[in-house]
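Subject: Structure for your review

Hello,

Here is the structure we talked about passing on. Please look it over; my notes follow below.

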Amino acid sequence: MLSQFEKTDSAVFDIIHQEENRQAAALRMIPSENYVSKAVMLATGSCLTNKYAEGYPGKRYYEGQAFTDQIEDLARQRAMTLFGAEGVNVQVHSGSPANLATYCALAEVGSTIMGLALPHGGHLTHGWKVSFTGKFFNSVQYELDAKTGRLDYDKIADLAKKHKPRILISGASAYPRAIDFTAFQEIAKSVGAYHVCDMAHIAGLVAGKVHMSPVPYADAVTTTTHKTLRGPRGGMILCKKEHEAAINKAVFPGMQGGPHMHTIAAVAVALGEAATPDFEAYAKQVVANAKRLADGLKRFDFDLVSGGTDNHLILMDLRNKGLTGKPLAKALDCAGIVCNYNSVPGDTAGPFNPSGLRLGTPALTTRGMKEQQMDQVAEWINTVADNIDNEAVIAKITDAVLELCAQFPVPELFVQRANQ
Ligand SMILES: *Cc1c(COP(=O)(O)O)cnc(C)c1O
């Protein structure tokens with residue numbers, strides 16, 4: 001018996017099925033990726049995708065909202081409880097629009113915003129010039145200390161004093177160390193700026209209590225819901241009560257029309273999961289695994305930006321190995337280890353073949369992998385780096401990776417072939 005989906009559109013079904021196999025048969029080490037639960041997957045694929053719900057609970061522009069209001073209220077309540085926030089917007093479509101909407105709510109076009117530069121681990125939407133956040137606002141960018149690879153709060157304070165930004169942005173996409181949000185709050189306060197934290201990468205670590213929460217120290221906290229937080233692709237803005245109305249207005253009608261209610265339902269499910277002891281154990285293990293992997297890589301003489309990690313990700317600086325990021329990422333992909341090439345602080349190589357490689361442990365941890373497997377992964381990465389053009393060596397690792405993957409199955413498959 002073929003499934004209904006397979007009968008209706010075998011072309012799309014086949015591609016999704018192949019992607020599902022790829023995700024099961026690889027070590028997925030892009031630190032922003034994960035595996036969601038079956039419940040999150042089902043909510044995403046539910047009938048809520050059929051519903052228009054412009055407006056907010058209790059104040060919609062279309063009828064038929066008895067259940068959409070319940071779903072959105074539940075997602076809001078769970079978000080505020082989990083993160084201890086006074087206000088929240090769960091309608092924003094993803095992390096990038098969450099940032100733009102928040103800046104628009106707290107500043108005007110042309111205002112000065114200040115965030116971490118992209119090549120130093122910041123996100124495009126922290127004011128990098130190709131992003132609208134770098135075009136609509138007067139963007140000032142801070143950088144990491146070149147020697148330590150870490151945030152230098154004194155330098156950030158000096159830059160803030162000089163430029164007096166309206167918004168100071170904390171948070172990053174490729175920063176392996178803990179961030180001190182009280183320091184950002186102090187700097188922001190000292191220059192009369194709003195502190196906006198973008199915790200997209202570490203939201204799951206914050207929920208799991210293995211990273212300091214920015215919520216008490218920021219005017220607004222933006223996040224994606226699909227990275228370490230392990231929900232559907234989506235976004236969220238947590239905020240102080242006084243900013244909630246402006247932020248809601250910036251999201252709708254400022255930037256968006258109808259909310260994606262199926263995503264909001266899946267966010268609610270993920271937030272429910274994130275409030276459990278199991279999730280705390282997962283978050284703890286994500287960090288323990290990253291530490292162990294970092295130690296393993298260092299034993300093979302790999303240089304790590306900042307010397308290690310406090311969170312879920314590792315940034316390797318390959319310059320001491322005479323390698324660049326892209327060929328190594330490609331060779332690792334052949335071996336079944338999927339990660340991404342990345343700039344490192346002070347990189348002189350261009351963004352298309354930078355000197356670094358970014359790795360993370362969330363997806364592997366969700367599969368149940370622990371320290372022992374991290375030692376193995378470090379060894380494989382080293383072997384691939386030493387044999388970047390040796391197909392036979394890489395093929396051997398590919399087989400070993402497949403074997404390991406078979407021992408740590410991914411959460412239940414979604415579009416399983418009925419007759420297989
Ligand atoms: C991933 C990320 C975003 C953007 O999220 P999208 O959902 O891809 O738009 C924003 N900020 C940070 C820090 C991120 O890591």
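Into which domains is the protein chain divided? This is a predicted model, and the assignment gives domain 1 (42-274) and domain 2 (277-407). Taken over C-alpha atoms, the centres of domain 1 and domain 2 are separated by 28 Å. Each side brings residues to the contact: 25 residues from domain 1 and 25 residues from domain 2. Between them the two domains bury about 2100 Å², with 59% of it on carbon and sulfur atoms. Of the area that domain 1 buries against domain 2, 30% is supplied by Pro176, Arg177 and Arg230, more than any other three residues.

Two helix pairs follow.

Helix α15 (residues 371-386) and helix α16 (residues 391-407) have axes that come within 10 Å and cross at roughly 160 degrees. Angles over 145 degrees count as roughly antiparallel, so α15 and α16 are roughly antiparallel to each other. The crossing of α15 past α16 is left-handed. From α15, Gln373, Trp380, Thr383 and Val384 meet residues of α16 including Ile397, Ala400 and Leu404. By class, this contact of α15 with α16 has eight nonpolar residues, two polar and no charged ones.

Helix α12 (residues 277-299) also packs with α15, at an angle of about 35 degrees and with the axes 8 Å apart. Here the crossing is right-handed. Among the residues that meet are Gln285, Asn289, Arg292 and Arg299 in α12, and Glu371, Asp375 and Ile381 in α15. The contact of α12 with α15 divides into seven nonpolar, three polar and four charged residues.

Regards

Conventions:
Residues numbered from 1 in each chain as written. Predicted model: local features only at pLDDT ≥ 70, side-chain atom pairs only at ≥ 80, totals over all residues. Heavy atoms only, no water. Axes fitted to C-alpha atoms, helices over the stretch in contact; angles between N-to-C directions. Helix = DSSP H or I, 4+ residues; strand = E, 2+ residues; numbered from the N terminus. Parallel < 35°, antiparallel > 145°, perpendicular 65-115°, else oblique. Left-handed = near helix turned anticlockwise from the far one by under 90°. Contact = heavy atoms within 4.5 Å. Nonpolar A, V, L, I, M, F, W, Y, C, P; charged D, E, K, R; others polar. Domains from an automatic or database assignment. Buried area = accessible area lost by both parts, 1.4 Å probe.
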